[in-house]
Structures are given as C-alpha cells and as structure tokens.
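Dear colleague,

Please find below the structure that I am handing over to you.

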Amino acid sequence: MTGISKGGFAGGFGSLSVPLMALAIGPLEAAGILLPLLLVMDFLSSRAWWGKQLWSEVRIILPSAAIGIAVGVVLFDELDENMIRGLLGVISLLFAAYMLFKPTARKPLPRWLAIPAGATAGFTSFFAHAGAPPYNLYMIPRQHPKETFIATTVIIFAGMNLMKLGPYVALGEINLTSLSTSLLLVPVAWAGVRSGLWLQSRVNEKLFFRLIIIAMALVGVQLIYKAWG
C-alpha cells in the first residue's frame, strides 16, 4: 500500500501503514521496519519523478520538517508504547477526517504557513511516517499541477526519511532483526511503487480514497481501543 501510494498518489494513504502494522506489533517496531523500505521506495519514486519538483517548496518545507523531527527525538523517551499507539489512533482518525472533509481554498495559502506545516509533518512522520496530513493542508491549496505536486512531495518525504535514519539507528529502532524483516519486504515495496505508477492514471481515485478513509477510521478506533481499552 505504501509503495502504491508513493508511486502514484503522492504518499496520500501511506500514513495507514504504521497504524495498520501497530495492530500486530509495537508501533515503534513497525516504524523501524518500515523506514528502510520507505528509503528504497523513495529512491525508486524519485528516479521516476525527478526533474518535475518545485525547489522553492522543497527549500522551505524540508528545514521546517527537520525541526519537527528534532522535537520527536527529544520526546522519544517520554512516550511509552501504549501512548504512541493511542497517538497513532488519533492521527489515523484525524487523517480520515481530513480526507473526508478536505478544505478547499480559493487562492494559494501564504508561504510562511509552510514552516508550521513542515514542522508538524516532521513530528508526525518521526513517530508514524504520517507526515502527509499537515503537509497536504498546506500543499494542496497551493494548486500546483498534479505532476509538480507529486514530484515535489516525493522529494520532500525522501528528505524527511533520510533525516530520520540516523536517529532511528541511534535509538535502536533499526537493528539487525528489523533489517532482516525489511529486506524480505523489499520486493513487495518495489512492486508497490511500480503498481502505483501504472495505477495513478487508470483507477477511480475518489472510490479508491473512500476505501482508504474507511480503513483509516477503523484502524484508528482499534488502536485507541488497544491503547486505553
């Protein structure tokens, strides 16, 4: 699902991955397994979309995301597994609500809003690889052409994931055990990206995203129940 999302839908429903995995394993363990796969998918997606990105957006959002990632590193030891699982559940419900009631704008948002949007995206991305909602709240009303939007999104999230790699290794979330699992899933990631590139101009996008909204809401409720039930 993450590969399809990155390959052809600007990461729009990749935020489901960690919450879905967190139903079966620890959320931080899930994030650690997924990050190497994200880097592989970022490489494949960046090659496919390179040259169509808008550097003016990349230059303001990526440094802002670094601030959010740094805050996530500082708070890492303050949150236990159930707190993070509950946070993931809330993020999932907010993401589903966002996709259901996407705000529309008559004119592009001011550029300075990229700073809080990027910082929030960096923070949620650090814990759950779920930076898409705050990022999209800023980026979609900017009304860039579809290919420019997808290419810019691919480059920005590739940069975020590279910034998370060092902290994940230092904090022990990426280790030999997680890497062995990640390695087994690389062919699936590759197939997902290739499928996303093929599907993005061939599927009913509205129906597709409605199914994702339902899945996000159900997973969010289940995670909150597991955290506090």
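I begin with an aromatic cluster, which consists of F123, F126, F127 and Y168.

Residues are numbered from 1 along each chain as its sequence is written, and side-chain values use heavy atoms, with hydrogens and water left out.

**Confidence**

The average pLDDT (the predictor's confidence in each residue, from 0 to 100) of the protein chain is 81, and 86% of the residues score at least 70. Confidence is lowest in helix α1 (residues 2–8), with a mean of 70, and highest in α4, with 93. Where pLDDT is low, the predicted coordinates should not be read in detail.

**Overall architecture**

The protein chain has 10 helices and 0 strands. Helices (H or I, at least four residues) and strands (E, at least two) are DSSP runs, numbered from the N terminus. Of the 229 residues, 51% are buried. Buried means under 20% relative accessible area, exposed means over 50%, and partly exposed lies in between (1.4 Å probe, protein chains only). The accessible surface is about 10,900 Å², and carbon and sulfur atoms account for 69% of it; such areas come from the Shrake-Rupley method with a 1.4 Å probe, and for residues only the protein chains shown count as cover. Of the contacts (heavy atoms within 4.5 Å) between residues at least 6 apart in sequence, 87% join residues at least 24 apart.

The unreviewed UniProt entry annotates "transmembrane region" at residues 20–44, 56–76, 82–101, 113–130, 150–171, 183–201 and 207–225. UniProt positions are given in the numbering used here, feature names are shortened, and annotations may be inferred rather than shown by experiment. In the model, residues 20–44 are 80% helix and 0% strand, with their end C-alpha atoms 23 Å apart. Residues 150–171 are 95% helix and 0% strand, and their end C-alpha atoms lie 31 Å apart.

**The nonpolar cores**

A nonpolar core is a set of buried Ala, Val, Leu, Ile, Met, Phe, Trp, Tyr and Cys residues joined through side-chain atoms within 4.5 Å. The largest has 26 residues, of which V18, M41, L88, F126, F127 and Y168 touch the most other members. At least two residues of this core come from each of α3 (27–49), α5 (81–100), α6 (114–128), α9 (176–199) and α10. Helix α3 gives the most, with 9 residues. Leaving aside neighbours within four places in sequence, Y168 is in contact with A31, G32, L35, S125, F126, F127, H129, E173 and I174. A second, separate core of 19 residues includes V58, A114, Y135 and I155.

**Individual sites**

S64 is found in helix α4 (residues 55–75). This serine counts as buried because its relative accessible area is 5%. Beyond residues up to four places away in sequence, S64 touches A114, I115, G118 and A119.

Helix α7 (residues 132–139) is mostly covered, with 7 of its 8 residues buried: A132, P133, P134, Y135, N136, Y138 and M139.

I150 belongs to helix α8 (residues 146–170) and is buried, at a relative accessible area of 2%. The C-alpha atoms of I150 and K52 are separated by 8.6 Å, although the two residues are 98 apart along the chain.

K226 is found in helix α10 (residues 205–228). With a relative accessible area of 35%, K226 is partly exposed. Not counting residues up to four places away in sequence, K226 touches A22, L23, N82 and R85. K226 and R85 are 141 residues apart in sequence, yet 7.7 Å apart in space, C-alpha to C-alpha.

Finally, the structure holds 6 aromatic pairs. One of them joins W50 and W55 edge-to-face, at 5.6 Å centre to centre with 70° between the planes. W50 is exposed, at a relative accessible area of 53%, whereas W55 is partly exposed, at 38%.

Yours sincerely

Technical notes: Phe/Tyr/Trp six-rings, centres within 6.5 Å; stacked < 30°, edge-to-face > 60°.
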